[in-house]
Amino acid sequence: LNRGFTEMHCMTGHSNFVSCVCIIPPSDLYPRGLIATGGNDHNICIFTVDNPAPLYILKGHKNTVCSLSSGKFGTLLSGSWDTTAKVWLNDRCMMTLQGHTAAIWAVKILPEQGLMLTGSADKTIKLWKAGRCERTFTGHEDCVRGLAILSEMEFLSCANDASVRKWHISGECLQVYYGHTNYIYSISVFPQCKGFVTTGEDRSLRIWKQGECAQTIRLPAQSVWCCCVLDNGDIVVGASDGIIRVFTESLERTASAEEIQAFENELSQASIDPKTGDLGDINADDLPGREHLKDPGTRDGQTRLIKDNGKVEAYQWSVSEGRWIKIGDVVGSSGATQQTSGKVLFEGKEYDYVFTIDVNESGPSYKLPYNITDDPWLTAYNFLQRNDLNPMFLDQVAKFIMDNTKGQTLLSTSAQFSDPFTGAGRYVPGSSSGSSTIPAADPFTGAGRYVPGSASNAVAPVGGVDPFTGMGAYQSAAAKVENIYFPKKDAVTFDQANPTQILGKLKELNGSASEEHKLTEDDLIILEKLLSATCNTSAEIPTAQQLQTLWRAVNWPEDIVFPALDILRLSVRHPTVNENFCSEKDHVQFIILLLKFLNPEGKQANQLLALRALCNCFVSQAGQKLMMEQRDEIMTQAIETKSGNNKNIHIALATLTLNYAVCLRKVNNIEGKAQCLSVISTVMEVVQDLEAIFRLLVALGTLISDDTNAVQLAKSLGVDSQIKKYASVSEPAKVKECCRFVLNLL
């Protein structure tokens, strides 16, 4: 009697690894249904059940397709590392869902028509209706990896933060389930929603009933990548050892005694690495001996460690069999502590170190997670902030970190656990590839960037002046020039202000304003206070009343509005003002207002100040978020201002592009980069001013650094031939130098 599955045939069609598979239900045209596969080659292949070659191939994603879900009427939803999801009907892409800022690891089509879910490495889940984002679900503290539908109104999600969450589509999180000790990769629901199953990076498959983890099945492989529940209730799992295993509750489908014994032997010989934290902190010296296994366990899946002849073994309690089953040998646990054992999990994330810090004898101790790639000073600062501790301890904590991590370099992840989704080792927050070399002076501020442990570089080199403001004499060194221009890390803002002049102009124009727009003397005093609060001349925080008055002023007729726009441009740099205009509540009117002034037919002064205000929005989180959300609209409208041949407008437009480049680099959004590159290419055609050219070159360098896709795209737009002429500009030297660095990348 063959209880298993046999291979029907092997389908091929992708040029690299396949990362997801999904069944498209039967239709009139294909009564046996279809199979869809997504691959690392950016394609989706659609197969019939009988043919090993694809029926057709869907092209359109710009990176690996890592998730698929099929809906009614032949619709297919795909999620990709290119940060978008796409909706396909037969062989056409109908819609692209844009809004996530990182890879989309999970997609699901809800039973109600037109509703779709996407889960992303940006830690959020989004609900889409007819292609528009209706709602964003936040709560997970790390990449969302899997989604499962419970009903028309409820769904589950699992994530790298080792938790499962149950959500109502209204946005409310109904429950959080803990049990896994590491990333959870996959989640699947039992028929009639009678519980669910999960698998993850902690070698386990877990079965959940009535909100509790009812059973834990250990596997002889570190990563259990995927699980699915069959219609008969059997559970299928795929793991990093390349084996698919099926588990059942049914007696007639249970494997033979030999097969079960073989599985148990394989499991007992597995070596469990204590570094993974799957079994908690281990100190071999404190462990009991084999007699400890005489006492029965208290719950299914409970683990117990014993020491036998100097070896540490791990056992798990099985309620159904009433015995302890060996699940492996714990290797390398010779009293290894977290300090010496590589990766440690803290609050669901991996770190190189988690220190315990006692601030004073009587008080509580605090956990301080740290990765070798982190800046010790920034980590120390964040730690003190997070725990409300006295900032006086900053030097002490930073020194503690440096003393305790001496000589540590980044460990290469062992190749055996490569993630089938990324082809790389497990994702470790903070381990960005490519270490940055120590840069010299920042061309925007002229200061050398402080790098811990690099005393020799702590002083800005001679000639490290700000090429944007020309402070100090800019000398180009004859020696080998270091690239101090890009990739740029922070937004560039327009800060120059003459509050007296601005207010003078405002009062003068107020005199000629119509009755409905006229501001009272009190209003003018309020705006004066706002200016001094936001130009750092007073320590006061802008008030709601001041912002309301400003809002009235910026809605003046366009022939007299420019001083009010200038106040807005300066104020929006202040966190309070930024939050007020850019947060979820009011941002729509704010963007509509600024976009209105970008009309190339309108007054140039208004175009200039609106562009500068948009640049200054990038100083705070709220502003950045809004600028990124509205990128398409803003960029499309802003590029129109290039036609006016006004040098200041061109500089502001180049700066806006540069600020987008800085943000796009952080989220590595290739569709956004594509838009940004085409703007740079278009604006380069018309701009004469060398300061504007310089900023466009910095933007270009920032976009293509460490990104082969962006380099290819820039080449295909012919940007390299456009910029060649600037490599021989004699003054200012920064244009020539920056241009040469960009050409080196192309």
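**Close-up views of a predicted model**

**View 1. Helix H10 from end to end.**

**View 2. The surroundings of H10.** Is H10 largely enclosed by the rest of the structure, or open? Twelve of its 14 residues are buried, so H10 is largely enclosed. Among the buried residues are Asn 606, Gln 607, Arg 612 and Asn 616, along with Leu 608, Leu 611 and Cys 617. And which helices do the buried residues of H10 pack against? They meet helices H7 (562-571), H8 (575-582) and H9 (587-597), as well as H11 (621-629), H12 (631-638) and H13 (647-667).

**View 3. The largest nonpolar core.** Here we look into a core of 99 residues. Leu 568, Phe 590, Leu 656, Tyr 660, Ile 704 and Ile 723 have the most contacts inside it. Helix H13 supplies the largest share of this core, with twelve residues.

**View 4. Leu 568 and its partners.** Now for a visit to one of those residues, Leu 568. Setting aside neighbours within four places in sequence, Leu 568 is in contact with Leu 550, Val 554, Phe 581, Phe 590, Leu 593 and Leu 594.

View 5. Phe 5, Ile 244 and Val 246 together make a nonpolar surface patch of about 350 Å². Val 246 sits in strand S23, which covers residues 244-247. With a relative accessibility of 37%, Val 246 counts as partly exposed.

Conventions
Residues are numbered from 1 along each chain as its sequence is written. This is a predicted model: local features need pLDDT of at least 70, side-chain atom pairs count only at pLDDT 80 or more; totals for chains, interfaces and linings use all residues. Side-chain values use heavy atoms; hydrogens and water are left out. Buried means under 20% relative accessible area, exposed over 50%, partly exposed in between (1.4 Å probe, protein chains only). Helices (H or I, at least four residues) and strands (E, at least two) are DSSP runs, numbered from the N terminus. Contact means heavy atoms within 4.5 Å. Patches are made of residues with over 30% relative accessible area and no salt bridge: like charges are joined within 9 Å, nonpolar side chains (Val, Leu, Ile, Met, Phe, Trp, Tyr) within 5 Å. Accessible areas come from the Shrake-Rupley method with a 1.4 Å probe; for residues, only the protein chains shown count as cover. A salt bridge is a side-chain nitrogen of Lys or Arg within 4 Å of a carboxyl oxygen of Asp or Glu. A nonpolar core is a set of buried Ala, Val, Leu, Ile, Met, Phe, Trp, Tyr and Cys residues joined through side-chain atoms within 4.5 Å.
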